[in-house]
Amino acid sequence: MTDTTPYYVTTPIYYVNDRPHIGHCYTTLVADVAARCERLRRGSGDDVFFLTGTDEHAEKVVLRAAENQCSPMEWATRNADEFKAAYRVLDLSYDDFVRTTEERHKARAAAYIARLMKSGDIELGDYEGWWDASQEEYLTETAAKESGFVSPVTGKPLERRREQNYFFRLDRYEQALLDLIDRGDRGEAGGMRIAPEARRNEVLGRIRGGLQRVPVSRRIKDGDVDWGIRMPGDPGHRVYVWIEALCNYLTVVDNQLEPATAVNEGGARRRFWPASVHFMAKDILWFHAVIWPAMLMAMGEKPPRTVYAHAYWVRDGRKMSKSLGNFIEIETLEAYAKRYSADAVRWYMLTQGPLGATDADFSHAKFVEVYNSDLANGIGNCASRVSNMIEKYFGGEVPEVDLPPLAAKFQDECRPCLRDYLAALDGCDLLTAAASAISMVRGVDQFIAQTRPFTLAKQMDVHGKSVAGILYYSAEVVRIASVLLSAAMPSKMRALHDAWGCPPSPGVSLAALCEFGGPYGLRPGHRIVKGDPLFMRADPSEPAPSAVQA
Ligand code: ME8
C-alpha cells in the first residue's frame, strides 16, 4: 500500500496578463487534492512535489502592462501575487511556485533549446499561418477554417502571419508518440497515459492525421519590448512563449545544468522526474500530450507518466473566459468561503467540477444542495451525533468493546471503500476517491438508524455492551473516513481530529492510519470532545453570497 516512487504533480503555469479566476483555482485545487492524497498515502510529504506558477513572457502581458502604464515585470508581479493570494483563500499547498521570469527557469529553458538545436531537432525555416493572438498560438488551416477564422476560445479574428522561424521537428516523433501512448494504455513502465479516455482518443486521432513541424521562435521586430528568452546563438529571435513555458516542469527539478542550490534542494529534486501527472484543461492538452513529450524524447528525457485534461467550468453552457467576462471571480469564491468555509468551496468544486470529460456549471442551488447533503447533514452531523452519544452515555470516553467482531464488520463493509479510494487515486479519479470516503460516512448513518443506540441506551444495564459496540464502530469509521476526507477538506478534518484527539501522526502511512482499532485508532478510555458543529446547515432560500470587494 505504501508507495515510495517520488510523486510529482503539476498545474499549468498561468498567464499573468490578468487576475486568476475559478478555472485556474480549479486545476490547482485538483492538483492540491492529488498531492495531499499522496502525502497521506506515504505518511509524509518528503517524496511528493507539487508545482504551480505563472507564465509571464507572453505578448499579451506586454500589452496589458502598457494599457496599465507599468512595466511588464511590474504587471507580472502584481498578478503573480494575485494568484498566490487566491491560492491562500482555497488553502492550496503547493511546494514551489515558479515564475518564468526567474533566472532559475530562464537559464535552464535556454539550455534545453540549445540542446535541441544541437541535436538538429530545432532548425530554421519559413512559416505562414493563422495566428490566434488571444491564445498565442497558430491554428492549422483546417482548424482555422472550422472556426470561421476566429479564435475558437475567444471568438476574436485570427491574423494571417508570415515569419521566418525556428521549428521543432515534431513530424519526426509521430511513431514514437503512438508507441508511448500505447505503452501508457497498457500501463507499462515508461508509457504515457492520457486521460480521460475521450481526450486520449482525440489526441490519437490527431496524431494519426499527421504531425507537422512546430514554430518555436518569434523574430524580434524594431520597437519590441525586450520580454522573453532569446534563441540561443540567434539573438534576433525570441523563444516562443509556449515552448519556453512547457520547459518549466523540468527546469524547476533539474539540477544537471547548474550547481545545486537551496531552491532545488541540493539537487535532490531531480528524483521527481518524470512528472507523475500534468493536470490542465482540454484547451492545452495538445501542447502537453504531444509537443512536450516529443521535446522531452528529443532531449533524451523521460516523458510524463500521465497527462490529465479536465473539461471546463461553464456559465449557462458557454465557456468562462476573461474575454467573455463571464467567469466566477476570486471575490465570489472568497464570499462562499466566508459564509460556508473554504473547505466547503473545495468540496463543491472537487465533486461538482469538470474533472472528467463533461463541462460543469457553477450553480448556487447545487452548491447549497451538496453542502447540506454531504457536509452539514453528512460528515458534520454524523461526527457530532456520534460524539454527542459518546458524551451522553460514556461521559465522553471511548467505550471498552470486544474488537474482533467489529473489525470483521469493518473488513466486510468498509474495506471495499478503502480499496476503491486507493485505486481511484492511481487513476487520478479524485471524484471516486471522495465518493468512497463519503460513502463510509453514509454507512455509519444507516447503521445508527438501524441499530438505534439512542433507544437501546434507555436501558444501559441491559444494552450497554451493544451501545458501546455501535458507538465504537461508528466513531472509528468516522475517524477513518475523516482521514480520507482530509485531502479534500484539510482544515475541517483537522478540527475534527483535534476535537477527537486523534491527529494523524506524521510519518504514519495511510494504511496504518486506516487500520480499524489499530495502533492509531481510537482506544478505550480516550476522551472525545464534542466540538462545534463542523458545518452549519445552509438555508436554500438564502441568496448567493455577494462578492467580497478586493
Ligand atoms: O494556457 N474551466 O495559461 P492560461 C476549467 N500559460 N479550467 C480552466 C478554465 C475553465 N473555464 N479556464 C482556464 C495557459 N482554466 C498557458 C499554460 S503551461 C506550460 C502554459 C485553467 O492562464 C485550465 O487549467 O490560459 C487551463 O488549462 C488553464 O487554466 C489555462 O490557463
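Predicted model: local features only at pLDDT ≥ 70, side-chain atom pairs only at ≥ 80, totals over all residues.
Q: How do helix 6 and helix 7 pack, and at what angle?
A: One begins with the angle between the axes and their separation, and here helix 6 (residues 174-185) and helix 7 pack at about 155°, with their axes 10 Å apart. Because angles over 145 degrees count as roughly antiparallel, helix 6 is roughly antiparallel to helix 7. The crossing of these two helices is left-handed.

Q: Which residues of helix 6 and helix 7 meet?
A: From helix 6 come Glu-174, Leu-177, Leu-178, Ile-181 and Asp-185, and they meet Arg-200, Val-203, Leu-204, Ile-207 and Arg-208 of helix 7. Sorted by class, this contact holds six nonpolar and four charged residues, with no polar ones.

Q: At what angle do the axes of helix 7 and helix 10 cross?
A: The axes of helix 7 (residues 197-208) and helix 10 (residues 285-299) come within 11 Å and cross at roughly 55°, and the two helices are therefore oblique to each other. Their crossing is right-handed. On the side of helix 7 the contact involves Arg-199, Val-203, Arg-206 and Ile-207, which meet Leu-285, Trp-286, Ala-289 and Val-290 in helix 10. By class, the residues of this contact are six nonpolar, two charged and no polar.

Q: Which residues come nearest to the ligand?
A: Of the 25 residues around the ligand, the nearest are Ile-13, Thr-27, Asp-55, Asp-283 and Trp-313. Turning to atom pairs, a polar side-chain atom of Thr-27 lies 2.6 Å from a ligand oxygen atom, while for His-24 a polar side-chain atom lies 3.2 Å from an oxygen atom of the ligand. Tyr-15 takes part through its backbone, where an N or O atom lies 3.0 Å from an oxygen atom of the ligand.

Q: Where is Pro-196 found, and what kind of peptide bond joins it to Ala-195?
A: For a peptide bond one reads omega, and the bond between Ala-195 and Pro-196 is cis, with omega about -10°. Pro-196 is in the loop between strand 7 (193-195) and helix 7. A cis peptide bond also joins Trp-273 and Pro-274, with omega about 5°, and Pro-274 is found in the loop between helix 9 (248-251) and strand 12 (277-281).

Q: What is phi of Phe-149?
A: Phi of Phe-149 is near 60°, which is a positive value in a residue other than glycine. Phe-149 sits in the loop between helix 5 (141-146) and strand 6 (159-168).

Notes: Residues numbered from 1 in each chain as written. Heavy atoms only, no water. Axes fitted to C-alpha atoms, helices over the stretch in contact; angles between N-to-C directions. Helix = DSSP H or I, 4+ residues; strand = E, 2+ residues; numbered from the N terminus. Parallel < 35°, antiparallel > 145°, perpendicular 65-115°, else oblique. Left-handed = near helix turned anticlockwise from the far one by under 90°. Contact = heavy atoms within 4.5 Å. Nonpolar A, V, L, I, M, F, W, Y, C, P; charged D, E, K, R; others polar. Near = heavy atom within 4 Å. Polar contact = N/O pair within 3.5 Å; in protein donor to acceptor, adjacent residues only side chain to side chain.
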